[in-house]
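The sequence and structure come first, followed by the contacts.

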Amino acid sequence: MSAWDLAFRARRAVVTAADGSRTETACTVGVRDGRIVAVVGHDDPVDADVVVDLADDEVLLPGLVDTHVHVNEPGRTEWEGFASATAAAAAGGITTLIDMPLNSIPSTVSTDALDVKRAVAEPEARIDVGFWGGAVPGNVPDLRAMHEAGVFGFKCFLLHSGVDEFPPLSPAELEEAMREIASFDGLLIVHAEDAQIIADSENAGGRDYAGFLASRPRAAENTAIADVIAASRRTGCRVHILHLSSADAVPLVAAAKKDGVRITAETCPHYLSFAAEEIADGATQFKCCPPIREADNRDALWQALSDGVIDTVVTDHSPCTTELKRFDIGDFGVAWGGIASLQVSLAAVWSEARRRGHSLADVVGWMSAATAAQVGLESKGAIAVGKDADLAVFAPDQEFVVHAEELRHRNPVSAYDDRTVTGCVRSTWLAGRRIDLDGPPQGRLLTRG
């Protein structure tokens, strides 16, 4: 009997030391029963049933953990579904995703709705899948039960979510939910834009991107984030700021962290890749909320990542049908807001990161290690002994042109269409088994703790 089921021999691998630091090194990774059991020298003797020798242009990475994905099933499966979403994720090197409580019908705002979500996900998941719960008006009595049922935390909006079945919380309702969540040390994740500031801003209608950008000003994010920080101070609730796009809010988050507020923040590939000045009028594939802002703002977000103020990079994969993007009229006021990016997120972030002098170890930190830590998935996010053998074989120098119709997302809509990116995922492995994108699903449903 061999010591290992599987061994990966790589001249380049991003591995994690006992102190949590990540380095790129040559090594052999031994796997048994779906777990990493050894990380040894590249040329050390190997006793394994199967040996995978990586090519010289390939790097072994831990599978990415994407904690912000809208799968939309059930209810809006024509927008996306677990079969297509998890296949696209695996094609992009993502081995774990956490599904948002909207835009499915029913929304995941009770244990009954969670049961429905799990039932549709289980037979379709090609990667591991967990679930967020939702905090909406009137469901405070449901929060503890959902926490005990294994959701990873609770999402809320401070303004209209875009779908009527997931309404926003008022300031009083936000604080009530935070006190309840703090009582069991849960996590609240917040779409932080101020409803009144946006209501008072310019109309978003028409083909003009500058007009749409003006309708979602930085002040809306800055004010909402300040309000969330103040409520966290009062209640002691752990909070996470979703899809941070306004770099003006970075000092607020930094000061709160310094003061001991339990707060983290994320940003997304589209905020790190695109700039408002480059978006053509009528190009509604770029519409998302909060919006893609100016180039100087993008630079400041990258600096916040470097400084550790922004903790994670996640997709906020929010797809829809082609018709809902309203390419026929190019009107930002009526088009659905959301960017689909599961399959291209790693390449998009790496393309820009390398240009700015960052390493693959940095990218792994933002998109795998820190995301796993955020939701308490201790077995994920690293190539280290004891971790799940969730791995991606990545060619960091290989360029390719994104073609939306070739992606495994359910609908051929992508802000990255026709964009040249660098970094190709050649294979993805879940618990030591190579994922066959067209084969039987092998993912597992995850629960907190």
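The model is predicted: local features need pLDDT of at least 70, side-chain atom pairs count only at pLDDT 80 or more, and totals for chains, interfaces and linings use all residues. Residues are numbered from 1 along each chain as its sequence is written, and side-chain values use heavy atoms, with hydrogens and water left out.

The side chain of Arg218 forms a salt bridge with that of Glu294, at 3.0 Å from N to O (a side-chain nitrogen of Lys or Arg within 4 Å of a carboxyl oxygen of Asp or Glu). Distant parts of the chain are linked by this pair, 76 residues apart: Arg218 is in helix α7 (residues 218–235), and Glu294 is in the loop between α9 (269–273) and α10 (295–307). Helices (H or I, at least four residues) and strands (E, at least two) are DSSP runs, numbered from the N terminus. Glu294 is also partly exposed, at 25% relative accessibility.

## Other salt bridges

By the salt-bridge rule the count is 30. One of them joins Lys257 and Asp311, at 2.8 Å from N to O. This pair links distant parts of the chain, with Lys257 in helix α8 (residues 250–258) and Asp311 in the loop between α10 and β14 (312–313), 54 residues apart. Lys257 is partly exposed at 25%, and Asp311 is partly exposed at 22%.

Lys380 and Asp390 form a salt bridge at 2.7 Å, N to O. Both residues lie in the loop between α12 (360–374) and β15 (391–401), so the pair ties together parts that are ten residues apart in sequence. Lys380 is buried at 7%, as is Asp390 at 5%. Through shared partners, salt bridges join Arg35, Asp128, Lys380, Asp388, Asp390 and Arg444 into one network.

## Aromatic contacts

There are eleven aromatic pairs (ring centres of Phe, Tyr or Trp, the last by its six-membered ring, within 6.5 Å; planes under 30 degrees apart are stacked, over 60 edge-to-face, the rest tilted). Phe212 and Phe332 form a stacked pair, 5.6 Å centre to centre with 15° between the planes. Phe212 lies in helix α6 (residues 209–215) and Phe332 in the loop between β14 and α11 (345–355), so the pair ties together parts 120 residues apart in sequence. Phe212 is buried at 2%, and Phe332 is buried at 0%. Tyr209, Phe212 and Phe332 make up one aromatic cluster.

Notes: Buried < 20%, exposed > 50% of the residue type's maximum accessible area, 1.4 Å probe, protein only.
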